[in-house]
Amino acid sequence: MFEKSLTPTSALLLRLSIRFVVALLCLANWSGVTFCLAQSAVSNIASSPAGATWRDSNTGDTTQSQGNRSASSSTDATGATTEEGFVGPRTTRYSLELTKLPDSQGQFWVVYDIAPYCERFPNVSEPQRSILDWILLDSGEEFWHKDPFCVLSATRERLYVYHTEKVQQYVANIVDRFLDVDKRATSFAIKVVVLQSPEWRMRVSQYLSTTHTTVVGNGADVQSWLLDQGDMAKVQSDLQRRSDYVLLNSVNNVVPNGETFGWAAAAPRRAYTRDYLLDSSVAAGYVSDVASVDQGFRIETTPLLSTTGEVLETSFRYRCTVVEKWRALAMRVPTPAAPRQQLNVEKPSIVSCDFRGKISIPQGKCAIIDLGMVPMVLPKKETESNGIMDSVTNLTAKKGVYYDVLILIEPVE
């Protein structure tokens with residue numbers, strides 16, 4: 001009735017005013033709900049990382065989380081914003097700041113000074129890898145990529161660890177073992193022996209006592225044995241009488257505690273034609289698609305005494321790539337001059353493996369690690385080197401690509 005007494009223009013203005021008031025009331029009510037949710041989030045923020053300014057990759061707009069209402073970009077030591085020149089992800093929200101590291105489980109920073117260790121190897125590009133690899137082998141790489149939030153990183157001077165007290169205590173023990181000056185004077189003889197068959201065990205099995213071996217990776221059938229020093233001499237003497245016996249490191253075989261011993265071999269890179277591409281701009285009417293393949297292997301071991309010195313832990317790693325067979329096939333490459341032309345291409349059958357492990361050797365004992373029948377390019381001759389890593393490039397082709405590789409470890413008196 002009231003609207004009927006108004007002019008059409010007045011009625012329209014009245015309806016718009018009512019809708020505006022209703023909208024204001026709804027907005028006020030929603031703000032109250034949002035405030036309650038924010039209060040609830042703040043009450044639980046102690047167990048979550050600090051807030052960040054989230055950036056919408058599609059629009060470039062920014063949304064600040066409850067934990068952070070600071071500037072939209074952080075600055076580095078020079079005062080320049082870190083976002084300059086950075087092109088973020090196309091679909092994922094991202095942030096350029098983290099004002100507080102997550103510490104819901106009591107994580108804290110420890111920076112370890114590993115410069116005294118790395119200074120022993122001025123010609124090695126990344127000597128800190130020995131410490132990092134040891135930690136990762138024990139804990140597993142996935143351990144550092146899941147909750148709780150953690151960090152493991154290293155330079156030649158520092159090892160950075162962000163984790164709980166229990167993990168920090170473990171890392172501190174490992175670092176101490178690598179840097180212990182007193183234990184550095186202890187050395188071990190490590191030899192790498194290659195045989196064509198695993199039959200060597202048949203004659204010396206009475207001297208071998210099986211021990212546990214931790215292995216991570218693919219392509220490995222690793223076994224380890226402990227034996228007395230007198231028995232180790234008998235085993236080595238028996239091995240040397242075999243016609244297929246090859247000692248890879250006759251010169252550099254004494255390794256101080258905490259240092260990494262390595263032996264590597266690489267075959268000359270071979271180029272091969274894997275395809276032909278038609279190209280009318282060249283006289284032949286086609287061009288060759290040439291690729292190359294690298295063959296070789298690398299063996300690494302690191303002996304590390306326990307804190308008390310009563311147990312020797314030795315890590316090892318084997319990596320290799322070998323072409324087992326070259327397969328040739330004829331491809332049809334028609335050109336105006338030769339419409340039925342066929343040319344040969346090659347495809348390599350590649351075998352590779354990469355695994356690492358660790359064994360424990362009681363004081364006064366020797367050990368043999370059998371890496372199994374692994375692919376390998378066998379050296380033609382040995383070359384002497386004064387460095388930590390011997391390198392051989394003159395290799396000879398063999399019919400077989402699988403060899404039984406042994407690592408012999410014994411203390412040096």
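## Strand E20 and its partners

Strand E6 (residues 187-195) and strand E20 run antiparallel and are joined by eight bridges. As background, strands of a sheet pair through backbone hydrogen bonds, either parallel or antiparallel.

How many residues of E20 are buried? Eight of the 10 in this strand (residues 402-411) are, so E20 is largely enclosed by the rest of the structure. Buried here means under 20% relative accessible area, exposed means over 50%, and partly exposed is in between (1.4 Å probe, protein chains only).

## Where this comes from

This is a predicted model, in which local features need pLDDT of at least 70 and side-chain atom pairs count only at pLDDT 80 or more, while totals for chains, interfaces and linings use all residues. Residues are numbered from 1 along each chain as its sequence is written, and side-chain values use heavy atoms, with hydrogens and water left out.

## The chain as a whole

The chain has seven helices and 20 strands. Both are DSSP runs numbered from the N terminus: helices are H or I with at least four residues, strands are E with at least two. Of the chain's 413 residues, 38% count as buried.

Now for contacts, meaning heavy atoms within 4.5 Å. Take the ones in the chain between residues at least 6 apart in sequence: 71% of them join residues at least 24 apart.

Leu 408 sits in strand E20 and counts as buried, with 3% relative accessibility. Which residues does Leu 408 touch, leaving aside its neighbours within four places in sequence? They are Ala 189, Ile 190, Lys 191, Val 193, Met 232, Gln 236, Leu 239, Ala 367 and Ile 368. Met 232 is 176 residues away from Leu 408 along the chain, yet their C-alpha atoms are separated by 8.6 Å.

Gly 258 belongs to a loop instead, the one between strand E11 (254-256) and strand E12 (261-266). At 0% relative accessibility, Gly 258 counts as buried too. Leaving aside its neighbours within four places in sequence, Gly 258 is in contact with Tyr 117, Phe 178, Thr 302, Pro 303 and Leu 304.

## A sheet of three strands

Next comes an open sheet of three strands, ordered E3-E5-E4 with antiparallel pairing. Strand E3 (108-113) and strand E4 (151-154) stand at the edges with a single partner strand each, so one side of each is left without a neighbour in the sheet. The twist averages 10 degrees from one strand to the next.

E4 and strand E5 (residues 158-163) run antiparallel and share four bridges, with Leu 152 standing opposite Val 161 in E5. Helix H3 packs on the sheet, touching E4 and E5, and its direction makes about 155 degrees with that of E4. Helix H4 packs on the sheet as well, touching E3 and E5, and its direction makes about 0 degrees with that of E3.

## How H3 meets H4

The axes of H3 (residues 129-139) and H4 (residues 165-179) come within 11 Å and cross at roughly 140 degrees. That makes H3 oblique to H4. Axes are lines fitted to C-alpha atoms, for helices over the stretch in contact, and angles run from 0 to 180 degrees between N-to-C directions. Under 35 degrees is roughly parallel, over 145 roughly antiparallel, 65 to 115 roughly perpendicular, and the rest oblique.

From H3, Ser 130, Ile 131, Trp 134, Ile 135 and Asp 138 meet Tyr 170, Val 171, Ile 174, Val 175, Arg 177 and Phe 178 of H4. By class, this contact has eight nonpolar, one polar and two charged residues. (Ala, Val, Leu, Ile, Met, Phe, Trp, Tyr, Cys and Pro count as nonpolar, Asp, Glu, Lys and Arg as charged, and the others, Gly among them, as polar.) Among the buried residues of H3 are Ser 130, Ile 131, Trp 134 and Ile 135.

## From H3 to E4

Just after H3, Gly 140 takes a positive phi of about 90 degrees. Pro 148 lies in the loop between H3 and E4, and the peptide bond from Asp 147 to Pro 148 is cis, with omega near 0 degrees.

Methods:
Pairing = 2+ DSSP bridges.
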